[in-house]
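Subject: Structure handover and findings

Hello,

Here is the structure we talked about handing over. Please open it alongside this note. My findings follow below.

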Amino acid sequence: MNHFQRLMCWLAWLGITPFIISLSLSIRGLSLVDHTGEQLFIIYSVIICSFMAGSLWGQAVYRENQSGSLIKVLASNVIALWVFAALLAGLGDQQMLVVLAIGYLATLIIECVNTDSLADGWVKSYLSMRAIVTLVVFILHCFLYASLIT
């Protein structure tokens, strides 16, 4: 694994930190810069979910005319706009968590299904890391959802 690939992995794992911090704030009933832990979690999640959806667009650009490129471009827009529309609609925290969790899973599934099965070792390693990081993010969304029920 080269330096760039290592950096990508580190950034992916470090990207989980704001989720953990805001979840911790929420569970403790604390706020930061006049925002509750839930608000911080959801704001950050909207940004990251949109970013991950946008990465599908980037993948399609560099894999022009290959199978799955059209699906990635369309999915990139649908997921980002869906999350943005949910935010604008003023959905409650629990509803937003569901929308976001589905957005993360949809992005991962589309990325995995529409990536060449003959991809090199780095691509397979990246997809494995993405799957694990997405699972952790999904679980953190579930934890926050569960904490809001009680």
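Start with Arg130: this residue is buried, with a relative accessible area of 7%. Buried means under 20% relative accessible area, exposed means over 50%, and partly exposed lies in between (1.4 Å probe, protein chains only).

Two notes on the basis. This is a predicted model, so local features need pLDDT of at least 70 and side-chain atom pairs count only at pLDDT 80 or more, while totals for chains, interfaces and linings use all residues. Residues are numbered from 1 along each chain as its sequence is written, and side-chain values use heavy atoms, with hydrogens and water left out.

**The salt bridge**

What does Arg130 meet in a salt bridge? Its partner is the side chain of Glu111, at 2.8 Å, N to O. A salt bridge here is a side-chain nitrogen of Lys or Arg within 4 Å of a carboxyl oxygen of Asp or Glu. Searching the whole structure gives 1 salt bridge. Glu111 sits in helix α5 and Arg130 in helix α6, so the pair links distant parts of the chain, 19 residues apart. Helices (H or I, at least four residues) and strands (E, at least two) are DSSP runs, numbered from the N terminus. Glu111 counts as buried too, at 1% relative accessibility. In general, side chains of opposite charge can pair when their charged atoms come close.

**Helix α6**

Helix α6 covers residues 121-149, which is 29 residues. From first C-alpha to last, α6 reaches 42 Å, close to the 42 Å expected at 1.5 Å a residue. The expected span is 1.5 Å times one less than the number of residues. Arg130 is one of the buried residues of α6. Others among them are Tyr126, Met129, Val133, His141 and Leu144. The buried residues of α6 pack against α1 (3-14), α2 (17-28), α3 (37-62) and α5 (93-113). Contact means heavy atoms within 4.5 Å.

**The nonpolar core**

The largest nonpolar core has 30 residues. Such a core is a set of buried Ala, Val, Leu, Ile, Met, Phe, Trp, Tyr and Cys residues joined through side-chain atoms within 4.5 Å. Which residues have the most contacts inside it? They are Phe19, Phe41 and Leu100. The elements giving two or more residues to this core are α2, α3, α4, α5 and α6.

Take Leu100. Leaving aside neighbours within four places in sequence, Leu100 is in contact with Ile42, Ser45, Val46, Cys49, Val83 and His141.

**Aromatic pairs**

There are 3 aromatic pairs. Rings of Phe, Tyr and Trp (its six-membered ring) pair if their centres lie within 6.5 Å; planes under 30 degrees apart count as stacked, over 60 as edge-to-face, and the rest as tilted.

Tyr104 lies in helix α5 and Phe19 in helix α2, so parts 85 residues apart in sequence are tied together. Phe19 has a relative accessible area of 1%, and Tyr104 has 5%. Ring pairs link Phe19, Phe41, Tyr44 and Tyr104 into a cluster.

**Cysteines**

How many disulfides does a search of the whole structure find? The count is 0. A disulfide is a pair of cysteine sulfur atoms within 2.5 Å. The Cys9 sulfur is 14 Å from the closest cysteine sulfur, in Cys112, so it is too far for a bond. The Cys49 sulfur is 14 Å from its closest, in Cys142, again too far for a bond. Cys9 is buried at 14% relative accessibility. Cys49 is buried at 0%.

**Loops**

Val33 and Asp34 are worth a look. Val33 lies in the loop between β1 (31-32) and β2 (35-36), and Asp34 is in the loop between β1 and β2. Phi of Val33 is near 45°, a positive value in a residue other than glycine. Phi of Asp34 is near 65°, also positive in a residue other than glycine. Val33 counts as exposed at 63% relative accessibility, and Asp34 counts as exposed at 76%.

Gly92 lies in the loop between α4 (69-88) and α5. Gly92 is partly exposed, at 32% relative accessible area.

Best wishes
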